[in-house]
Amino acid sequence: MVSYKELGLVNTRDMFAKAIKGGYAIPAFNFNNMEQLQAIIKASAETKSPVILQVSKGARNYANQTLLRYMAEGAVEYAKELGWEKPQIVLHLDHGDSFELCKSCVDMGFSSVMIDGSHLPYEENVALTKKVVEYAHQFDVTVEGELGVLAGVEDEVSAEHHTYTDPEEVVDFATRTGCDSLAISIGTSHGAYKFTPEQCTIDSKTGRMVPPPLAFDVLKAVEAKLPGFPIVLHGSSSVPQDEVETINKFGGALKAAIGIPEEWLREAAKSAVCKINIDSDSRLAMTAAIRQTFAEKPAEFDPRKYLGPARDNMEKLYKHKIINVLGSDGKAL
Ligand code: G3H
Ligand code: 13P
Ligand code: ZN
């Protein structure tokens with residue numbers, strides 16, 4: 001058993017309380033490899049933004065959970081080397097699907113875990129989340145629960161339609177489980193294809209596709225029922241069209257990929273939404289830079305020559321999110 005405190009990590013409690021008061025949100029960026037982690041830490045250190053490093057089931061299968069946890073420990077030291085004296089870094093399990101998995105993450109030094117029981121019948125979700133909270137809280141590890149189902153693939157379960165969070169359930173869920181934050185469903189979804197072009201309208205000024213509105217009324221109702229309680233938004237990539245165009249220009253074949261407009265996320269960040277999950281945008285930024293390097297420098301075969309530009313492009317993206325979308329810059333001085 002190792003405590004995250006020995007690794008220089010922090011849990012989400014104070015971070016979320018400050019974010020709600022301050023009207024900003026904490027970025028939760030997924031990482032699977034060294035380049036993503038370096039880019040996240042550099043962007044966070046240079047902007048002095050608190051940050052949540054997320055490890056998904058896919059990441060654990062790809063890179064190994066133990067290795068990722070040691071990388072996160074290294075990330076704290078790297079942040080200090082970059083001149084961030086008091087890094088505020090959370091190591092978080094994204095979409096945990098069992099008590100055993102959450103326990104193993106708590107035991108190996110994660111400072112926060114998500115137990116995603118959103119696909120279970122309500123009472124089973126309550127019981128599972130409560131069990132994880134009871135274990136995690138013994139070690140001051142914070143727990144995110146989820147109510148409502150996001151459309152698309154979530155936790156390897158696929159749902160065709162959203163089931164928005166029922167505001168009538170949130171007080172009962174938060175009280176009975178004791179969870180520290182709650183992911184809700186208001187129309188966001190995972191991946192780069194959140195909406196079809198048929199669902200969108202065209203903005204006459206910019207020519208951009210505008211998706212159907214998110215259910216901000218559900219968010220407002222949840223906030224009214226649970227004033228000051230930390231709310232989490234999954235599936236919050238904006239799918240930057242310049243990255244999609246670069247990918248397609250240099251040999252990619254992405255269909256019309258449409259994400260959540262950044263202005264909507266900026267609005268959400270001012271509310272009780274204090275954690276915003278972004279993964280797909282980083283994948284797009286990485287792929288765009290790699291494809292461009294391959295196309296423009298076909299004789300290059302040193303991985304550093306294409307992973308380096310990919311890392312730079314991700315760092316730019318993370319800084320943009322921190323400064324222009326979430327407003328978390330300068331909040332971890
Ligand atoms: O929740 C979804 C995240 O983007 C993680 O996806 O399981 O493919 O790593 P993944
Ligand atoms: P995106 O696919 O929109 O980046 O969402 C990521 C996420 O919610 C991770 O849990
Ligand atoms: Zn998610």
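This note sets out, point by point, the main features of a predicted model.

1. The barrel. Eight strands form a closed barrel in the order β1-β2-β3-β4-β5-β8-β11-β12, and their pairing is parallel. From one strand to the next, the twist averages 25°.

2. The pairing of β4 with β5. Strand β4, residues 112-115, runs parallel to strand β5, residues 142-147, and three bridges join the two. Within this pair, M114 stands opposite E144 of β5. Helix α7, residues 167-177, lies across β5 and β8 (181-184), and its direction is at about 150° to β5.

3. The surroundings of β12. This strand pairs with β1 in the parallel sense over four bridges, and P27 has I276 in β12 as its bridge partner. Strand β11, residues 231-233, also pairs with β12 in the parallel sense, over three bridges; here I231 stands opposite V273 of β12. Strand β12 is mostly covered, with six of its six residues buried.

4. The length of helix α12. Does the span of this helix agree or disagree with its number of residues? The 24 residues of α12 should span 34 Å at 1.5 Å a residue, and the end C-alpha atoms are 32 Å apart, so the two values agree. Just after α12, G327 takes a positive phi of about 70°.

5. The packing of helix α12. The buried residues of α12 include A310, M314, L317, Y318, I322 and V325, and among them are also R311, E315 and K321. An α-helix has 3.6 residues a turn, so residues three or four places apart point the same way. The buried residues of α12 pack against strands β1 and β12, and against helices α2 (34-47), α10 (262-269) and α11 (280-296).

6. The shell around ligand 1. Which residues surround ligand 1? They are N30, S56, K57, G58, A59, D94, H95, H190 and D279. Helix α3 gives the most, with three residues. By class, the shell has five polar, three charged and one nonpolar residue.

How values were computed. Residues numbered from 1 in each chain as written. Chains lettered and ligands numbered in written order. Predicted model: local features only at pLDDT ≥ 70, side-chain atom pairs only at ≥ 80, totals over all residues. Pairing = 2+ DSSP bridges. Axes fitted to C-alpha atoms, helices over the stretch in contact; angles between N-to-C directions. Contact = placed C-beta atoms within 7 Å. Buried ≥ 20, exposed ≤ 12 C-beta atoms within 10 Å, placed from the backbone. Near = placed C-beta within 6 Å. Nonpolar A, V, L, I, M, F, W, Y, C, P; charged D, E, K, R; others polar. Expected span 1.5 Å × (residues − 1).
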